[in-house]
Amino acid sequence: MLRKMILTIFLGGISLLFYMPQSEAAESRIDGKNRFEVAVNVSKNGWSRSNTVIVTNYLAYADALSASPLAYKKDAPILLTQNNHITPITKNEINRLNAKEAVIIGGTGSISNHAENELKSMGLSVTRIDGKDRFVVAQNIAMQLSNKGKAVIAYGLNFPDALAIAPFAARNEYPILLSSNDSLPSATKNALKDKNITSTYIIGGEASVSNSVKNQLPSPIRIGGANRFEVAENVIRQLNLTTQTAFLSSGLDFADALTGSVLAAKKNAPLLLTIPARLPNETKSIIQDKTIRTFTILGGPASVNNNSTALLGKTIVLDPGHGDHDAGASANGLKEKDIVLDVGLRTRSKMINAGAKIIMTRSDDTFLALTARSTIANNSGADSFISIHSNAAESPAAHGSEVYYDTTFSGPESKRLAEEIQKELVKRLGTSDRGEKEANFHVIDKTRIPSILVELGFITNPSDASKLGSPTYRQKSADAIYYGTVNFYTK
Ligand SMILES: [Zn+2]
């Protein structure tokens, strides 16, 4: 049910002067059928040509963990290959880049002499950075870097922590040296000495690098976390990294994060980790706190699912109508204020799972004036505003769903958002289609971002009311608002 404000003081002309359009949140995906192709597409995205390429085995993360700073220094993409021959699409990419030099990371167990000879026969000069174990490989990579006095120490027996810090380490040319949990390998000790390292960043909690190792390091600063996602989060928090834009990669495999880390470094963007199906809370929290708005997703949907990123970087205001002493419409044993709050909260959790930041005008049974609601929307920095209501009429025969928009601000976008949500409502609720309608209701007239007002159905109609009273249909209502919003942002 709607209540128009009879008197509104028109300040639109003044507020327009102060209105800065929101920068659009955006995501792009560097996709590929497999990790070789993702690496090639990262390379195409970042380099039109390159004198050098770094080549590593597609399975052997241990060798490659420390490679990002060297790749960045040489402005070279990291490409992946099989052991016994250079993978064909990698070969094509080396040709496209017109590369003159290849640096192989790892021994012949990772990349065979035959594969090395293939690179040579392509006209490349080839060097190999090898070592009897991963600690020595990391040490030997460090020797190729300038002395900056600082180094990163990461757990060498798994990949996530080292990759979370890789763009930062790369950009600063800090070597990534490796440790086991409870003893500092002599290769790493030697590298610390030879590189004149006077301070260190330990990446990971004590389960990764113990305090007994920490005590052997020069001026250590620990960037810890309960899990890989929190470590990646804390890298950004503790180092206070620039975060207008971020790379997002699966934290369950190393390949995309490794090959993407050099491009992230070039773009001065941190790397966030996720799981395929949904964004971990740690990752969501840093995205929201730092208001990260543009994303480069590494890998295909099997690595980072579309549903988990559908509203990534978007901020949406959800406005369940009425509240407290204002019940809205009441009929058939239902109160509008309860229905719309329930649907609003269900919509919130769906949207949060898709990466959105949600601002609720109310999340419990409290009352807000209409001006308070539009003020929240206009001060929110949000991308869109959705007010949720259920309809009422004197005649119990009136039924169906409808969505309102206003053209005072963001008119075309508001209309399109209304269309997308209306389409989903009718489809999912099986209500009759009353269409999108223009009206100057306060919350959509005074709200400057794209804004709509949803009327789910008629509380006064027995058939609509039975749906509005049902948890199943309330969930379908939330789904409709969610999918309509996703369609609005992705179409
Ligand atoms: Zn209402």
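**A tour of the domain interface**

A search of the whole structure, which is a predicted model, finds 26 salt bridges, a salt bridge being a side-chain nitrogen of Lys or Arg within 4 Å of a carboxyl oxygen of Asp or Glu. The side chains of D383 and R293 meet at 2.7 Å, N to O.

Before moving on, note that residues are numbered from 1 along each chain as its sequence is written, and that side-chain values use heavy atoms, with hydrogens and water left out. In this predicted model local features need pLDDT of at least 70 and side-chain atom pairs count only at pLDDT 80 or more, while totals for chains, interfaces and linings use all residues.

Next, colour domain 1 (26–309) and domain 2 (313–490) separately; these bounds come from an automatic or database domain assignment. Their centres, taken over C-alpha atoms, are separated by 44 Å. The contact (heavy atoms within 4.5 Å) takes nine residues from domain 1 and eleven residues from domain 2.

Between domain 1 and domain 2 the buried area is about 810 Å², of which carbon and sulfur atoms give 38%; buried area is the accessible area (1.4 Å probe) that two parts lose on being put together, summed over both. Now select K284, Q288 and R293, which supply 55% of the area that domain 1 buries against domain 2, more than any other three residues. Across this interface of domain 1 and domain 2 the rule finds one salt bridge.

Finally, colour by pLDDT, the predictor's confidence in each residue, from 0 to 100: the mean for the protein chain is 93, and 95% of its residues reach 70 or more. Over residues 4–25, however, the pLDDT is below 50. Where pLDDT is low, the predicted coordinates should not be read in detail.
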